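Visitor: Please show me the model, and then we can go through a few of its features.

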Amino acid sequence: MSTQDTTQEPKARPKWFGAAAMLLALVLVGFLAWGLRVFLFPSNDEPAADPTTAATQTAPASASASASATAAPVEEADAAWDCQADLSSDTVSVADSALAVEEWVIGGYNVIPFSEFGGCEKRPSGLRVGFAHTEAGSLMAAATYAMALDPSVSEEAADDVEVAIAEGPDRDRLAEKAKRIRDGLEQGADGTASAASTLIGYAQNFYSEDAASYRLIYEVPTADGLVGQVSLQADLLWEDGDWKLDPASGTTFMTSDLYQGQPYIEWGPKV
């Protein structure tokens, strides 16, 4: 299994949203630029989560150590990572009830879920991959990629393109854009929006053995001391033995919009 994560004191949340129009503008810059992910990491191991929810949490030494006693291991002949053999193959549906998560660990700008259902392989960039070929595994992948997938940050992260993004022309264009940012030829967005956000829930658009789609609902602070909500759509494909992000376009990983009050399942580090 992977090396344990170590949390740090989160930074104070900046006041970066104004009225609803300003909120949407910053969402489109912060979340939509790269579909939430072409950000320059302040630190791959530095969260912006509430200290009461993530500051004392660390990753377990082994996914199998925290697995349910009744859960059988994944048996995937085409699994991308050896550690996936230790993941749970529980076929529980996440469409109507929240998925239990043992740990919310530091990943990218914020915290991401880590459990017997996925995140068992930690890449040199810090990105966690290796998910169960189940509904639970697809949801884990969606929440992970939303906060921790950014090939523009470093040469190590550049390798994440092939392991975490579905093959195709969009992936090629995203890789080219990431290289331009790494080379200083194009400016990427900072991570303010992601660092100040809190995952509060999700809704499943659909799930099959080969594809899945989720809306992830995040809470963001506003300048007037209140909070706003944004909705991100994460689409995934099962490809080469793991869940990979199916990008929205050659410039955007995920689509984003203001949350419009649609029903969702409460889920996140504070739930």
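Visitor: Which residues touch the most other members of the largest nonpolar core?
Guide: A nonpolar core is a set of buried Ala, Val, Leu, Ile, Met, Phe, Trp, Tyr and Cys residues joined through side-chain atoms within 4.5 Å. Buried means under 20% relative accessible area, exposed over 50%, and partly exposed in between, with a 1.4 Å probe and protein chains only. Of the 52 residues in the largest such core, those touching the most other members are Tyr145, Tyr214, Leu216 and Trp267.

Visitor: Which element gives the largest share of this core?
Guide: Helices (H or I, at least four residues) and strands (E, at least two) are DSSP runs, numbered from the N terminus. The largest share is 10 residues, and it comes from helix 2 (residues 135–148).

Visitor: How is the model sourced and numbered?
Guide: This is a predicted model, where local features need pLDDT of at least 70, side-chain atom pairs count only at pLDDT 80 or more, and totals for chains, interfaces and linings use all residues. Side-chain values use heavy atoms, without hydrogens and water, and residues are numbered from 1 along each chain as its sequence is written.

Visitor: Is the disulfide of Cys83 and Cys120 right-handed or left-handed?
Guide: A disulfide is a pair of cysteine sulfur atoms within 2.5 Å; those of Cys83 and Cys120 are 2.1 Å apart. Cys83 lies in the loop between helix 1 (20–32) and strand 1 (103–107), and Cys120 in strand 3 (residues 118–122), 37 residues apart. The torsion about the S-S bond is about 60°, so the disulfide is right-handed.

Visitor: Is Asp240 buried or exposed?
Guide: Asp240 sits in the loop between strand 7 (227–239) and strand 8 (242–245). Its relative accessible area is 56%, so Asp240 is exposed.
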